[in-house]
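User: Could you take me through one part of this model closely, namely the nonpolar core, and then connect it with the strands and loops elsewhere in the chain? I would like the cut-offs spelled out as you go.

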Amino acid sequence: MKERIFESAFNSYNTINKAPMEGATGRIYEVIDDSEKKYALKLLKKERINTRSLKRFQNELYFCLRNRHENIIEIQDFGYIEDGGKKCPFYIMPLYNNSLRELLNQKISHQEVLKIFSKILDGIEAAHLLNVWHRDLKPENILCDTDGENLVITDFGCAHFTEELLITQIETRPNERLANFQYAAPEQREKNSKVDHRVDIWALGLLLNEMFTNKVIAGTGYLTVASVAPDYAYLDQLIEKMIKQNPDERPSSIDEIKQELIVRKNKFIKQQELDQQKRRVITKHKVKDPLVLNPIKLVVGDIGYSNGRLIFYLNQKPNHEWIDEFRRPESYISIPDYWKPDKFHFNGDKIEILADIKNAQNILNMIKDYINIANERYKVGKEKKAEEYEKSEREYLEKQLEEAEITNNLSRDLKW
């Protein structure tokens, strides 16, 4: 491509050796100024110059010069170049290395969609608050950096400006055909239809769905958000509302869309939580206590005698709860006092009793019985505690479900 030089009142810009991007009425060049800084330059094509296109270009230029919203393109300089005897106006804007179209081609992660979409909403809302509607929203007219963090709405060439903002007396015709009408609202395709800011709301609905599905809605039976991203299914009702054929049935403002995003998300989350609670099953709690799973036993053949005490060895050290069950007196009424369970002493994994060795067999038999009874009582006690916990958990869940149902009904029925 042959180098071109564009001059404004205070700077000059040389084209970089890249083919320009072609639009319906303009070309976008990548240029570099006298200080070696890169910019994008939009030039009105000489073959498209007429009274109407010049006035539109002027309206777009003046609007973006006066506007300083971070999500609307900033025009930093302007001028004109002569080409074939025609004065072709141009303006200078920051250079972005991506558009929403590129992000869509690369596929946007579901977690990033609403973060990007909120910036688009902010930019369009800023224009609407000044009674300016874009009328040609599409991915190519949304510029951004690689990750979509810095994002601006551009190309207000087809925008409608109210009389207060008109730099000229140009009026945008409501039934004018756009160069790319894939995102055009139904009223933009019909002759003599009223066109207002709600055409942008239609396009925003298409864009939001496309950012999840990578498909542009065309008629009924389209690919929904729920089908590709179930966690964001709450967006489908809003999108359906935004693309209503009748503009009166769409959200009336960007603020209404923002509010519905919040409300629908909250309702969806509440419903999900309620559904999860309804599906929750209270499982029977199995006792996992080590002394229940592996009961206390005497170690066969392991016995000791010291200072008049018989010493028996256990397979593991019992805890205090088990020892309390061992020493409970209810079942030992017929046992001589000096052999009752409370006379036995525990020392780690050893059990000791002061006794004559000639009674060793009787004492051994008693210990085995005491251990069996203690094991059974300990197991029953642990199972009872597990049942009590299960009962309290079920009662808690029932209360939670009841309150969640009430909350869900209130959220659905109240008119906000």
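Analyst: Happy to. Let us start with a working term: contact means heavy atoms within 4.5 Å.

Residues are numbered from 1 along each chain as its sequence is written, and side-chain values use heavy atoms, with hydrogens and water left out. The pLDDT is the predictor's confidence in each residue, from 0 to 100. The protein chain averages 83, and 82% of the residues score at least 70. Over residues 163–179 the pLDDT is below 50, although this stretch has 46 contacts in the model beyond near neighbours in sequence. Where pLDDT is low, the predicted coordinates should not be read in detail.

Back to the core. A nonpolar core here is a set of buried Ala, Val, Leu, Ile, Met, Phe, Trp, Tyr and Cys residues joined through side-chain atoms within 4.5 Å; buried means under 20% relative accessible area, exposed over 50%, and partly exposed in between, with a 1.4 Å probe and protein chains only. The largest such core has 71 residues, and L100, I120, L204, M211 and L235 touch the most other members. Helix α4 (residues 198–213) gives the most to this core, with ten residues. Helices (H or I, at least four residues) and strands (E, at least two) are DSSP runs, numbered from the N terminus. A second, separate core of 26 residues includes L310, I353, I363 and I367.

Now to the strands, where two strands pair if DSSP finds at least two bridges between them. Four of them form an open, antiparallel sheet in the order β13-β14-β16-β15. Its edge strands, β13 (298–306) and β15 (345–347), each pair on one side only. Neighbouring strands of this sheet are turned by 25° against each other on average, direction ignored; axes are lines fitted to C-alpha atoms, for helices over the stretch in contact, and angles run from 0 to 180 degrees between N-to-C directions. Helix α9 (residues 320–327) packs on the sheet, touching β15 and β16 (350–354), and its direction makes about 160° with that of β15. Between β13 and β14 (residues 309–314) there are five antiparallel bridges, and L298 has L314 in β14 as its bridge partner.

A hairpin through four residues joins β1 to β2. Strand β2 also pairs with β4 (residues 26–33), antiparallel and over three bridges; there the bridge partner of Y13 is D33.

N131, in the loop between α3 (110–129) and β9 (132–133), has a phi near 60°, positive in a residue other than glycine. With a relative accessible area of 38%, N131 is partly exposed. R135, in the loop between β9 and β10 (142–144), likewise has a positive phi, near 75°. R135 counts as buried because its relative accessibility is 4%.

Terms used:
Predicted model: local features only at pLDDT ≥ 70, side-chain atom pairs only at ≥ 80, totals over all residues.
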